[in-house]
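Please look at the sequence and the model before reading on.

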Amino acid sequence: MTAMRVMRAARTTAAVAITAMALTACSWRLETEQPVWPSPDAVTVARDEAAQREQTVIDAIASPDDTTADAVIVSFETTAAPERLAALGGVYVAYPDSTAAPTVSPEPTPSAADAVAAARDGAFAAALTTTDADLAFLLNSAGLSHGLTAWYADWAGEAFLDAETPVVAERVLESPALEGVAVVPASTAVETSTLSTLVVEHDRARYLYEVMAAKSADDEREQWLARRDIQAARADALAALPDVEDARQAVYVVDNSTVADAETRTATAQATETDLGEAYAALMNGAEPSEIPWLIGAAFDAYAQAAAYADPSAHDAVIPALPGLTVDASSSQ
């Protein structure tokens, strides 16, 4: 046999042997390493879950219940939820170019009220655990907005049906995800200069309400005096914190055109409380988790009071989608 025939015979024998091994399920086989697929980190997962909660709110308000509370929720969340969703970057889609229909959760869409409450609590809980400070700020802001919407939906319904519902009160946000919510902290690491500024702003509001009370009568006068007392107590409590400079003044400048009649006085009171809410909400940016409950509590009380001054049947209260944050939704796409 020539050398060429020997080589061909050897190759044939080897091929037959390999085939036989495969057919007899021999344990010997060529190994191929499993591919390693990238997986999202905890921050990405938290962002995606927050976006999905906003989408759930959007889905829920598309089919609201026939209640006054749902009507209020729809009026605010129709604009606010898409704004928050855009700020979060939208709902993650694994295969955006796929033609197959996306998998839909078998669970029924919750009611609008339940969706808003879940978004509120989910945002606060995620903000406490995320390691990304910017995302924590965004989540706390979203949670505060949802908390205000949930509260106002209930309050407006009561106020619409009962004219005796108190307009002025000190209100504290409630959420199972937060502990120790208060309007003033027992102790805080917030800079004393910032606290001193807040003392002055609350005292300025106290003075403004006193001026408005002097220009009004009856129930309107009692309303301004009630909020005056709350603002005075808030200034006192903040001024009593360690090392806070008390820079309150005896008199502040008030533009008479802003307190001329009941309508302008109400608008001025709304703007004053909204500004206070914004100041507290902005302080959540970069704040330690231990500071968040009281900052949220103080912001909530101010925003809620501003909302309570509005006509409960007009849905024109000021409830920002992302309090403390200024977001250009178009830049988040």
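## Terms and basis

On a 1 Å grid over the protein atoms alone, a pocket is an open set of points where a 1.4 Å probe fits, with protein on both sides within 12 Å along at least five of seven lines; its lining residues have an atom within 4 Å of a point. Grid points are joined across faces, edges and corners, and a volume is the space filled by probe spheres set on the points.

This is a predicted model, in which local features need pLDDT of at least 70 and side-chain atom pairs count only at pLDDT 80 or more, while totals for chains, interfaces and linings use all residues. Residues are numbered from 1 along each chain as its sequence is written, and side-chain values use heavy atoms, with hydrogens and water left out.

## The second largest pocket

The volume of the second largest pocket is about 390 Å³. Its lining consists of 17 residues, and Ala-163, Thr-165, Pro-166, Val-167 and Gln-223 lie nearest its centre. Helices here are DSSP runs (H or I, at least four residues) numbered from the N terminus. H5 gives the most to this lining, with three residues, and H7 also supplies at least two.

By type, the lining has 11 nonpolar, three polar and three charged residues. Ala, Val, Leu, Ile, Met, Phe, Trp, Tyr, Cys and Pro count as nonpolar, Asp, Glu, Lys and Arg as charged, and the others, Gly among them, as polar.

## The nonpolar cores

A nonpolar core is a set of buried Ala, Val, Leu, Ile, Met, Phe, Trp, Tyr and Cys residues joined through side-chain atoms within 4.5 Å. Buried means under 20% relative accessible area, exposed over 50%, and partly exposed in between (1.4 Å probe, protein chains only). The largest core has 54 residues, and Leu-144, Tyr-152 and Leu-238 have the most contacts inside it. Its largest share, 11 residues, comes from H9.

With contact meaning heavy atoms within 4.5 Å, Leu-238 meets residues including Val-184, His-202 and Trp-294, its neighbours within four places in sequence being left aside. A second, separate core of 18 residues includes Ala-205 and Tyr-252.

## Helix H9 and two further residues

Gln-270 lies in helix H8 and is buried, with a relative accessible area of 19%. By contrast, Asn-256 lies in the loop between H7 and H8 and counts as exposed at 53% relative accessibility.
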